[in-house]
Amino acid sequence: MTSTLPAVTAAKVPAQRRPAPTTRPTDRTEPPRRLRSSRPDLLLCGVLLVAILVVQGWNIADYPTLSDDEGTYLAQAWAVQEGRGLAHYTYWYDHPPLGWIQIALLTWIPSLVSPGSMTVGSMRLVMLAVSAVSAVLVFVLARRLALPRWAAGLGMALFGLSPLSVVLQREIFLDNLAVMWTLLAFCLAASPSRHLWHHFGAGIAAAAAVLTKETMLVVLPAVVVTMWRHGHRDTRKFALTGAVTACVLIGFSYPLFALLKGELFPGGGHVSLWDGIKYQMSRPGSGFILDPGSGSYGVLHSWLYYDRVLPLGGLAGAVLLLATWRWSVTARALAGPALAVAVLALVAMRPSGYLPAMYVIGALPFLALVLAGATASVAHAVLRRRRGEGENRYVTGGRYALAAVLVLAAGAYVVPRWYDGDRTAVTADANAPYRAASRWLSTEVADPAGTRVLVDDALWLDLVHAGYRPGLGVIWFYKADLDPAVTRTMPHGWRDLDYVVASPTVRRDAADLPAVQDALRHSTPVATFGTGEDRIEIRQIETVAGGPR
Amino acid sequence: MGIRGDLLLTSVFIAAVSLALFWMAAFTLWWQMHAWRTPEVLASTRFSRPDGGEHLSFSLLLPARHEQAVLDHTIQRLLESTHTDFEIIVIVGHDDPETTAVAEQAARRDPRVRVVVDTHEKKNKPKAMNTALPHCRGDVVGVFDAEDQVHPELLAHVDHAFRSTGADVVQGGVQLINFHSSWYSLRNCLEYFFWFRSRLHLHAQKGFIPLGGNTVFVRTDVLREADGWDPECLAEDCDLGVRLSSVGKKVVVAYDSAMVTREETPGSLMSLLKQRTRWNQGFLQVYRKKDWKQLPGFGQRLLARYTLMTPFLQAFSGVIIPLNVAIALFLDVPVGIAFVTFLPAVTALVTFVFEVVGLHDFGKQYGLRVRLVHYLKLIVGGPFYQVLLAGAAMRAVWREHRGRNDWELTSHVGAHLTASEVIREDVPA
């Protein structure tokens, strides 16, 4: 037997002269060293998880409306599964591909069992797994940040049950996957064992998050802050260096990939990472978020339409925590998430920036954590602050009465609104027109393999399964204008097409796409599903006498 | 078809080599960073504070050869030790009157100093220490080199470590300090830092440990039972550790920056090369002696195999890594394969980064000022040091193959060599 000092079990028991962890947040409710073995924690987390899975999973395919982006990512995941490269059209470095590679992995087994299920509606189910992991990670992170159990549960509930979360987390967005990785990075950064390789892992998870959705880059400083706060004086520099190195090296695999393919820099006749980044950076801004009439303002209100509690309450919570930094232990413990919220809010405030609708997804866990933390802070202030041993029992009673009033008031405000929002989510059917259009195109068209049709990305896989030729038979509508490989096959423009499916997305984007516009102009509806703005028309291209078709 | 087939074969081959190198480098890195895994592990690598009781007696062996210049100072410093029960046995050669004179003068001054004369025709360190072993009266035999700077409280700490852990062997830290002397001494110091500060503790924990050449303490009965040191082995220190741990003796390692034995790097690049050649050859000999095969665990045997082969794997990877990257960049292999070829480079890079941080920590621990130029030297010197290590590894294989297993440095000792070049041959790193 050989061993290090002081004993064989050195790694398990704290050593005799182990220096006091001076920088670690100390809170009144020190979390159990092993969360796994804490029955109340498991129970609470488990119950909340079931609730979240039920609310998010029920009716997942029918609400919200299928989004074009979901179709894009799932179709690219399908291309990965089929061995067609990173996309079935030329991959042009619009986003790092890790996101849909993961979707491809997640949907791989279901699509083996039933190939026809590889459509946006049915594959939303895999997002349930992602939501579940993220929700559990929110709970774990809250406990690791020394929040009391009830506050950790509150954070998890806010994260998983807010109507805004329910809507957005159901959708096949890269952001949801990136959030999962980011939360993992935070959890590892706040690892109670402060293991060097946990911190190394945090760096890898952070890199995975960025390679899944590049916007997560702005959250990385918050990961570093969390790691700094949880590190130990003696090992911190190794831990931080390990994390940063791991993150940078994994992150560099993306440009390395481009380099190895000879697509790092722009050049004649090929796409490049450089051009992809240039495109993302130069996307037309959507205006200042508080300027009514700007696109960003509209996006903000689309979020607030679903829920005001989480975005606004979380923002207020972040401000409260940052303001009480000097006095509140909780505020210091939650420095990482509060910083993440602050950074994400500031980035959203850029006057010239482009603000996509899914942007808020990256902020949801931090808003939830910060709001839960602020609630815990307030609860502590009400119940415990300046409470001596022999406090008058009427004063103590008053504290509890005040707490009860606050809880009731908050409940009275939140519960009805969330009930309405979540009821819509589990009952509404927003995708009947899509399903009907898909059914029509699968059954009413005589020769799918020989038919060319422009569709939005959400319907694309449905038609692939119905026998249309992927890529040049069933065509992502904007490729008709933007992808030379597609336009080359349409020498006569709209005349080379048979159908165009005019969904809301197609009608909206056609303004900037002349070929699509022509197709819409030279076609007549043969079937219409739904009414008003949300209707989906299947339009047949007019046959011109003497024309090729 | 032929070309495609060739390409496929090349791809598979370099992917396999890359993955092997990757795992090798990753494991080495993992072990190198052992002490910093958690704050608790780091705390456990230090000596625990002595309880004041001193119950063991020490016999400190001090082999000295043509070291009259430094020997007296070393003895004086050892005599300043706070421990109350120890003897110093200076071992000198019968053909070395200058050193003998210094030793005998010291023995006349202080009854705790004794002199033993080694009369072997061909001399080396293990033979000298074996000569002294029957004369040891202490419970514990300790080994120091003639130029070592030993901390006065070291013995008290070692005493406590023996008693509180029930160890058979206690290995203290040895640290090269003169990192500012040259580019290679910088890397040499850092090698020691990572070895004694971190890696050796892992070996102790896993139950397979190549001991260092000095600041090593062994219970006298255990040492006698093992027949002392192997006089034919070029890395007798490593060999002793391997033999003792293979039969289940408990080895404890402790490192305290205040308590390490301070040494200096070899005086020239050539002497470093020779020293390293000797260690590598010694490692090879230990590997071939197969004592490590008695280790009970498969993992332990694997660790032994790997550790003893490290110099050669190191040499190999130093050549292969750049070659691999070149293949990835210039040969038309699939992107996935090209990616794999970068893996060893990635781990090498991570190792590099940790070395930079290690240098910073080294400076902090020893209160030394590490400047930007030292970090630059560390980085720029990296590849050249690799070349040096590879050269030493190849020399070792060559010499072992030719059956030349004399103590290269000792055999060259003469008027042209100063004492300082002979003495720095101690710990395998």
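Guide: pLDDT is the predictor's confidence in each residue, from 0 to 100. This is a predicted model, where local features need pLDDT of at least 70, side-chain atom pairs count only at pLDDT 80 or more, and totals for chains, interfaces and linings use all residues. Residues are numbered from 1 along each chain as its sequence is written, while chains are lettered from A and ligands numbered from 1 in the order in which they are written.

Visitor: What pLDDT does chain B average?

Guide: Chain B averages 87, on a scale from 0 to 100. At least 70 is reached by 93% of the residues.

Visitor: Where in chain B is the pLDDT below 50?

Guide: Over residues 409–429. That stretch still has 49 contacts in the model beyond near neighbours in sequence. A contact means that two C-beta atoms, placed from the backbone, lie within 7 Å. Where pLDDT is low, predicted coordinates should not be read in detail.

Visitor: What does the model score as a whole?

Guide: The ipTM is 0.84 and the pTM is 0.88.

Visitor: What makes S4 and S5 of chain A a pair?

Guide: Two strands pair if DSSP finds at least two bridges between them. Strands (E, at least two residues) and helices (H or I, at least four) are DSSP runs, numbered from the N terminus. S4(A) and S5(A), residues 536–541, are joined by 6 bridges, so by the rule of at least two they pair. They run antiparallel. A:Ala527 stands opposite A:Ile538 in S5(A).

Visitor: Which strands of chain A stand at the edges of the sheet?

Guide: The order is S2-S1-S3-S5-S4, an open sheet with mixed pairing. S2 (474–476) and S4 (523–529) each have a single partner strand, so one side of each lacks a neighbour in the sheet. Neighbouring strands are turned by 25° against each other on average, direction ignored.

Visitor: What does helix H19 of chain A touch?

Guide: H19 (residues 457–465) packs on the sheet and touches S1, S2 and S3 of chain A. Its direction makes about 160° with that of S2(A). Such angles run from 0 to 180 degrees between N-to-C directions, with axes fitted to C-alpha atoms, for helices over the stretch in contact.

Visitor: Where does helix H4 of chain B lie?

Guide: H4 (residues 97–109) lies across S2 and S3 of chain B, at about 150° to S3(B).
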